Amino acid sequence: MFSKKIIKKIPIIKRLYPSLMRRFYNNEIIRFKFFDIKLEGNINEPMDKEMFIFNSYENFQIEFLIKNIKKYNSDYFLDIGANSGIYSLIVKDKFQKIIIKSFEPVKKTISKFKINLKLNKRLKNIKLYNYGLSNKNSILPMKAQVRNNYIQSSGYGVVKKGDDLQNLHIEKNIFKIGDEAIRLKNKKICIKIDAEGHEHEVLRGLKRL
């Protein structure tokens with residue numbers, strides 16, 4: 001663990017080490033623990049690689065979230081743009097009584113989430129929704145980077161006018177108005193939104209909430 005921290009602080013080694021790991025690690029599928037959560041990932045996925053090699057991924061944001069859920073004693077955690085479930089699983093591990101609603105439009109990514117749920121069977125009351133949130137009910141094209149013939153789930157974002165889509169993976173996914181999908185009253189709610197540039201539309205769809 002100490003050596004990984006040193007490696008991460010040296011810029012040139014930080015850039016080369018993941019490439020070397022990918023070259024010499026025989027299996028693309030990796031399993032590891034992060035914040036005491038069991039996870040399965042892919043060595044070609046930047047997010048998974050960061051956690052697997054350096055035991056690091058948005059640590060400041062996660063710790064900030066945990067601190068404030070505890071401070072305000074939240075009843076619900078809404079994970080909008082849940083990806084493979086890292087935030088949802090960590091929050092559930094820290095706060096057993098909290099009810100979690102996780103929204104993720106990408107089928108491939110929510111499949112990873114389901115695998116991670118099975119790896120952490122002790123964590124209950126996480127409800128998955130295979131659609132994104134927006135200010136309109138619609139089917140929207142989404143883009144993602146492709147590296148080593150692998151579609152990177154951590155970079156999926158809604159296509160915007162003027163985007164250069166060359167060499168990107170494109171697929172269409174379902175989005176729903178947040179206020180129609182979430183009906184909660186008189187509850188303390190913590191919301192995390194990571195929608196890769198679609199955050200404004202998400203918030204416009206949550207006006208009533």
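This is a predicted model: local features need pLDDT of at least 70, side-chain atom pairs count only at pLDDT 80 or more; totals for chains, interfaces and linings use all residues.
**Asn44**

I started with Asn44, which I found in the loop between strand 2 (37-42) and helix 3 (46-54). Residues are numbered from 1 along each chain as its sequence is written, and side-chain values use heavy atoms, with hydrogens and water left out.

Is Asn44 buried or exposed? Asn44 counts as buried, because its relative accessibility is 4%; the cut-offs are under 20% relative accessible area for buried, over 50% for exposed and partly exposed in between, with a 1.4 Å probe and protein chains only. I also looked up its side chain, which makes a polar contact of 3.1 Å with the side chain of Glu28. A polar contact here is a pair of N or O atoms within 3.5 Å; within protein, one must be able to donate a hydrogen and the other to accept it, and residues adjacent in sequence count only if both atoms are side-chain atoms.

**Asp48**

Next I checked Asp48, which sits in helix 3. Asp48 is buried too, since its relative accessibility is 2%. Setting aside residues up to four places away in sequence, I have Asp48 touching Ile30, Phe32, Gly41, Asn42 and Lys112, where contact means heavy atoms within 4.5 Å.

**Lys143 and strand 7**

Lys143 lies in strand 7 (residues 138-144). I noted Lys143 as partly exposed, because its relative accessible area is 22%. Which residue's side chain does the side chain of Lys143 meet in a polar contact? That is Asp163, at 2.8 Å.

Two strands pair if DSSP finds at least two bridges between them. Strands 7 and 10 pair antiparallel over two bridges, and Met142 stands opposite Val158 in strand 10.

**Strands 4 and 5**

I then followed strand 4 (residues 99-103), which runs parallel to strand 5 (residues 126-129) and is joined to it by four bridges. Phe103 has Tyr129 of strand 5 as its bridge partner.

**Largest pocket**

How much space lies in the largest pocket? I get about 350 Å³. Its lining takes 31 residues, and the closest to the centre are Gly81, Glu104, Asp194, Ala195 and Glu196. Helix 5 (86-94), strand 6 (132-134) and strand 10 (157-158) are the elements that give two or more residues to the lining. A pocket is an open set of points on a 1 Å grid over the protein atoms alone, where a 1.4 Å probe fits, with protein on both sides within 12 Å along at least five of seven lines; lining residues have an atom within 4 Å of a point. Grid points are joined across faces, edges and corners, and the volume is the space filled by probe spheres set on the points.

**Whole protein**

Last, I noted eight helices and 12 strands. Of the 209 residues, 46% count as buried.
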